[in-house]
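Please open the structure in a viewer and keep the selection panel at hand.

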Amino acid sequence: MKVSVIGAGFVGLTTALGLAEKGHDVVCVDVSEERVKQLNSGIVPFFEPDVEELLQRQLERGKFRATLETGLAISDTEMSIICVGTPSTDKGIDLGYVINAALDIGKYIQAGNFHVVVVKSTVVPGSVDSDIKSALEKSTGLVAGQDFGLAMNPEFLREGCAVNDFMDPDRIVIGADDEQSGKILERLYVDFDCPVIVTSTRNAEMIKYASNSVLATLISFANEIASICESVPGLSEEVVMNGLFEDRRFWCASDEGEYSRKRPELISYLRGGIGFGGSCFPKDVTALHRFANHAGHEAKMLQSVLEINYARSDAIIRRLENSMGESVSGKKIAVIGTAFKQDTDDLRESPAVRIIASLQTKGAEVMVHDPMVKEKSIQEAVGNVAFDVASSLEEALESAWGAIIATAWNDYKEADWPFLASKMKSAIIFDGRQVIPAEQQGKGFVLLKSGNADDFKAS
Ligand code: NAD
């Protein structure tokens with residue numbers, strides 16, 4: 001099929017390249033001239049494994065191109081997929097970018113050829129069949145479902161493995177309020193091997209929010225247990241959770257109902273740490289919470305999920321101070337890793353950014369290290385906060401009073417922590433991501449584990 005993708009960001013570019021790889025002819029529209037230029041030269045403006053190779057292959061095959069011209073893209077394609085941002089606001093989400101994209105697309109849709117507009121951006125239930133539909137009908141002068149198609153197709157890819165997630169999805173959700181739009185969208189995905197859920201646009205919108213909210217809830221549940229364990233000497237959240245996972249309802253079961261002790265991947269969300277971040281979980285849980293309140297339901301659990309999450313940064317700094325026996329004020333503290341998770345350079349809502357800001361408020365001299373994220377991006381994310389950037393782990397930890405590991409980069413898992421700790425002024429390390437291997441733990445340094453009140457003393 002001939003497809004245009006509106007917004008060449010994380011989701012838009014991955015979607016465009018993934019569809020091109022499946023044989024569709026894709027043109028990607030963005031408002032950023034620099035981004036369009038970069039993409040047409042084979043350069044990806046952010047870090048994500050496999051995207052650059054995929055971009056170069058699709059450019060060579062002539063299956064992908066980027067443009068600033070919405071008109072050219074729309075008139076040459078059967079379908080437009082909107083992948084622009086939907087940032088949080090006090091009222092829920094800002095639909096402005098999606099509405100602008102819809103108004104822009106609408107200018108070029110012509111009567112007589114049933115062009116389908118698909119919303120892939122994450123939007124609260126009712127957005128597609130009200131505001132977005134109205135914008136398109138106003139701009140086209142045509143009727144949705146009759147003269148042009150409208151559908152919702154939420155995206156579930158994860159940063160760090162976006163290409164793989166897109167090419168090999170767990171499920172595809174198609175929300176359409178008219179049959180023809182749904183059928184055309186099913187055709188787009190005919191080469192994908194996974195269950196396809198066809199439902200209304202509202203259910204499709206809500207499936208995305210429910211999916212992210214349940215994962216965030218698991219993380220906050222584990223952090224709640226971790227916080228209780230951190231308040232009581234002798235408790236270990238790791239031991240407690242491992243005990244919990246022996247319940248066969250946490251095992252995998254075959255189609256015949258036979259259990260194996262293999263663990264489902266979901267339990268990786270049930271471990272305490274420094275809290276969730278990224279461009280989706282905090283934004284989407286917040287949006288669903290505000291949307292629910294607006295609809296007359298006080299979503300108390302979602303409120304707690306967020307509160308527990310945001311309380312983790314200060315709790316971790318308090319642990320560090322308790323172990324040091326004094327305040328972090330005036331002392332060099334290293335924040336090891338700034339990306340919200342490994343294999344991405346995305347700092348949006350990163351817990352490390354919250355930790356850097358809290359440390360600075362408490363008067364610490366903050367030194368940060370990240371193998372991938374650029375200093376300029378960190379500065380933009382933390383705003384008016386002073387920090388230094390180290391080019392190596394050794395430099396980051398040299399003379400530091402304490403360190404907080406905030407991202408599980410492979411480099412950190414493979415580092416020689418006893419050696420690095422020997423460079424510190426007071427060797428206290430909070431491992432918020434369980435990166436320090438068991439055989440190195442406690443060798444010459446105090447290890448603070450998330451979910452455990454007891455320091456693992458230097459031996
Ligand atoms: P992003 O900020 O990385 O990209 C948005 C892109 O859209 C930018 O390149 C911007 O220049 C462009 N843009 C804005 N307005 C435009 C317009 N009118 N015409 C053309 N281009 C325009 O955003 P993202 O992370 O890709 O997220 C997009 C949507 O997908 C959001 O709703 C998000 O919640 C959702 N989502 C994100 C992820 C993720 O992991 N990032 C996963 C699933 C869903």
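In which strand does Asp388 lie? Select Asp388: it lies in strand E15, strands being DSSP runs of type E with at least two residues and helices runs of type H or I with at least four, numbered from the N terminus. The model is predicted, so local features need pLDDT of at least 70 and side-chain atom pairs count only at pLDDT 80 or more, whereas totals for chains, interfaces and linings use all residues. Residues are numbered from 1 along each chain as its sequence is written, and side-chain values use heavy atoms, with hydrogens and water left out.

Remain at Asp388 and display its surroundings. Leaving aside neighbours within four places in sequence, Asp388 is in contact (heavy atoms within 4.5 Å) with Val366, Met367 and Val368.

Six strands form an open sheet in the order E15-E14-E13-E16-E17-E18, with parallel pairing; two strands pair if DSSP finds at least two bridges between them. At the edges are strand E15 (388-389) and strand E18 (446-449), each of which pairs on one side only. Select residues 402-405 (strand E16) and 428-431 (strand E17): these strands pair in the parallel sense over three bridges. Within this pairing, Ala403 has Ile429 of E17 as its bridge partner.

Colour the protein by domain. An automatic or database domain assignment gives the bounds, dividing the protein into domain 1 (2-199) and domain 2 (213-449). The centres of domain 1 and domain 2, taken over C-alpha atoms, are 33 Å apart. Their contact takes 19 residues from domain 1 and 16 residues from domain 2.

Finally, select the ligand. Both domain 1 and domain 2 give residues to the shell around the ligand, so the ligand lies between them. The ligand is surrounded by 26 residues, the closest being Val11, Asp30, Thr86, Thr122 and Lys283; a residue is near if one of its heavy atoms lies within 4 Å.

Show the polar contacts (pairs of N or O atoms within 3.5 Å). An oxygen atom of the ligand is 2.9 Å from a polar backbone atom of Thr122, and a polar side-chain atom of Ser279 lies 3.2 Å from a nitrogen atom of the ligand. Helix H1 (10-21) and helix H5 (96-106) are the elements that give two or more residues to the shell.

Notes:
A polar contact is a pair of N or O atoms within 3.5 Å; within protein, one must be able to donate a hydrogen and the other to accept it, and residues adjacent in sequence count only if both atoms are side-chain atoms.
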